[in-house]
Each structure stands twice: as structure tokens, then as C-alpha cells.
Amino acid sequence: MKKKALTSLSILLTIIIVITIPVIWLLNPSTDKKDAWANVPKKLPQTNHADLLKGPFKDGPSVTRACLECHPDAGDQVIHSAHFTWESPAIKLPGRDEPVVLGKKHAMNNFCIGITSNWPPCTACHTGYGWEDDSFDFTNQELIDCLVCHDHSGQYVKSKGGYPAPDVDLVAVAKSVGPTTRDNCGGCHFRGGGGNAVKHGDLDESLYNPSENIDIHMGKHNFLCTDCHQTENHNIRGRSISVSADNENQVYCTDCHDQKTHKDERINTHTASVACQTCHIPHAAVKEATKMHWDWSEAGKDLPENPHEYLKIKGRFVYEKNIQPDYFWFNGNAKHYVMGDKIDPTQPTLMNEPDGSIKDPNAKIWPFKLHTAKQIYDPVNNYLLVPKTFGKGGFWTEFDWQKAAELGSEATGLDYSGQFGFTNTVMFWPITHMVASKDKALQCIDCHGESENTRMNWSALGYDGDPMLTGGRKNKNL
């Protein structure tokens, strides 16, 4: 009898343990999970350069020469970095026999279209001095601009060709230098495409000093860009599929956060197929409106001007604020339109379509800003053109598309038939900044259920309807 009682007690204790341990785990995740703060770089004290860089400095290169005296390895590191070369490594793209080199130097877009023949205004954000044409010497370390990434004076401004603006006090700027700040990165990245908030949708001047409602990392925790985009020997981690096609040297949320960090295991099951950003960035362009459409075909007309609606030199625009992203499968790589590729002008040309599908084990559902445009193309050769917009003969000077197409084609080496038209294009911008606090993340009903207001187009993603209602069935027609 006593033996039966002990056996029953043993079984009861086993049942209690089996039930209790998972409950405790759900309420209190394991202490051996990744410490999110462990990977955040420790801030080093700033070196006072006031007595080290006394000047006078007649120009930018003279400052660089002084920097290289104490940092002799930095020059070689920078000239091989993507921020200086504006080139990606050669990569094999699907359907192509030869590797392709992209980067800002070569990739086309549907904003200002391309830098070839338009160097001076584009290279105002280059980490160098004097890139005004195709003769720029990328091996000359004295042409590196150290100040654009290290100025702490708050008064450093670059002008066309990457030169310092004429009124910049180079001595004062040089004396102020220190570790890279949000101001340094944002001076170019927040204003890509010709103005604040134009391109990305998740990068704009509201991130200089954001509240936690704009970005939890930069607002509440005062993150710098380089806390995530960590840098070694001037190689800055991070990739944008606007100018790259692969995910090498990328930044991931899981660099700091455990992939199964949620207390609710039902949410953890999502992380295999849903990017962190999808739930944790409900909206982009939270404070500043971003450009969603650019119609170049309307440029050149004498109409009332408004930088968010119409400019004679650029055409007509549509801006939107607090945008809800579009969602696509994405494995970190992208297909790319490459200069000279044939297009079907009756269909929108996808400039950088994200790679991935429901069948791809490496793909996740990601949030994107989609930017649409009408841009110039050759209807005989059926490819996109890079027009000359800046300088003598450029469209911004003469408002002559024929001349702009001819001069641009001479610079790119594309054959120009003498005819031009305008065609629709689409660019995809992954949304990864402006992370909301966890209490503002998407909830189940935002994506699942029978409401017409749910975010996901499940059929377009390859499911046979809402997977919560269909048991995750895939579309049989795929």
C-alpha cells in the first residue's frame, strides 16, 4: 500500500513538473538568452585634437595629410571602402554570364537616375574631394574627406564635387574631430535623393534627435548609427539593395537580440518566416513625409513650384507621411536592373526587386517602401537612359530632353536612337529604422482575421488565404 502511494505521489510530482516548467519558461525566459547590450560597442573617450591639428589648412586635402600623419593606415582602409569607391564587389546575378559591379557609381535608380555625366551634385556626398568627372583618382589618399565623418563642430558642409563649402572654417572643424555621430551619417543618408526624407522612408532628419516614438533605439537608448552599423578598419557594416545585390557584411536585429526572445512561444514561431522589422516597424516616415512617386515627364514646365509637389527641373512628386509598408518575401539578395538591360515599356520596370519566395527557406516577409516613377527611356533600343541633368547642356540648364539624352548617352556609352519616351519604374526600399517600442508593435489582428483592414495580401505572398484560417496552406498554383 505504501509503495502504491509513493508511486502515485511520484507520478503526481512528475505531472506538476512537466506542466510547471514550460509555464515558468514562458513567464521568465531562460537566463542564458542573448544579452542585447553585450554587442553594443563601448563608447571610448574622445581625443582632444585642438592642440594636434593647428593649421592653417588651405583646403580639404591639406587637412587629410595632417590626419594621415597620425593615422597612417586609415588612408588605405578608406580608399578600399564602399563609401569611397562607390562600387560593390563583382557579383554573379541570375540570368547573366558575367559578374556585375554595382554601387552608387554604376547602379541606376528612379530618383536622380544615375551619376554618370552628373558627378558634381551627386558627389557632394562622396567621402572624398574633387570627384567632378570620370578622371577622379580613387588611389590618391589625400583626396579622402576625413572631416565629413568626424566633424564635431556642427558647421561642416560639403558642396558640389565633394569640396568643403567656401565658408567652412577648416581649422575649427579639424580641431573638433571625434568619433562618428548621427549628424555625420545623417548629413548624407538622411538627405539622399536631393533633400530631407526623399529616398528611404525610414531615414530622415527627425532621427538627429528623435523621441522614442520615432525610434526606440535612437530615442530612448541614444544609439549612434555605428552601434548597429559597426565598423572595423573603416569597413562599415550594412547593405542597401538600392545599390547592392547581396547581403554580405549586413546588419541584423539578431546581432543583439535572440531570435526567440518573446515570452509567448506563438510569437516566436513567427521569426522563422517573418522579419523582426515587419512587426516592430508598423509605419515609416513617422514624422517627415517621404517621396512616393516622381514623374520626370512633367519636368520643364513653367508651373507654380513646391518642393513636395512640383519643381521645374525635376517634375511632379507625391509625398506621404506615416506610411504603411508593403510586404514581400526577401532573403537579403536582390535582382537588379543593370544599365543597358532591355525593358518591356508596357510594364513597370522593377529596378531592384527583392529576391525570395514562400518556397525559399532563407526568405522572410519584410516591410518595404515602394517608390514609383516615370523616367526617360529609349523606345527603339528599349532600355532606360541616364540623362545629363547637371551643367552645360544638361536638362536643368536647357530643359531639352533631346540634348540631355544625347549627352548622357555619350558619357555612359549607351547607343541612343535619337528618340525618347517615359516609362514606369519601381524601386524597393527595405524598412529597417524607426523601430517602435514593443507595446506599439503589430498585433495578431493587424495581419490575421477576416477584417478587410488586415495588412497582408496573403494570396500575393503565396498562401491559400490567411494561414491562420487555412492552416498555412500554400497556393497550389505556385
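Modeller: A residue is called buried when its relative accessible area is under 20%, exposed when it is over 50%, and partly exposed in between (1.4 Å probe, protein chains only). By this criterion, 44% of the 478 residues in the protein are buried. The model is predicted, so local features need a pLDDT of at least 70 and side-chain atom pairs a pLDDT of 80 or more, whereas totals for chains, interfaces and linings use all residues. Residues are numbered from 1 along each chain as its sequence is written, and side-chain values use heavy atoms, without hydrogens or water.

The C-alpha trace spans about 105 × 65 × 45 Å along its principal axes. The protein contains 16 helices and 10 strands; these are DSSP runs numbered from the N terminus (helices H or I, at least four residues; strands E, at least two).

Two strands pair if DSSP finds at least two bridges between them. With β5 (residues 315-320), β3 runs antiparallel and is joined by 5 bridges; here Trp-294 stands opposite Phe-317. With β8 (residues 364-378), β3 runs parallel and is joined by 3 bridges; here Asp-295 has Lys-374 as its bridge partner.

As to the wider setting, contact means heavy atoms within 4.5 Å. Of the contacts between residues at least 6 apart in sequence, 68% join residues at least 24 apart.
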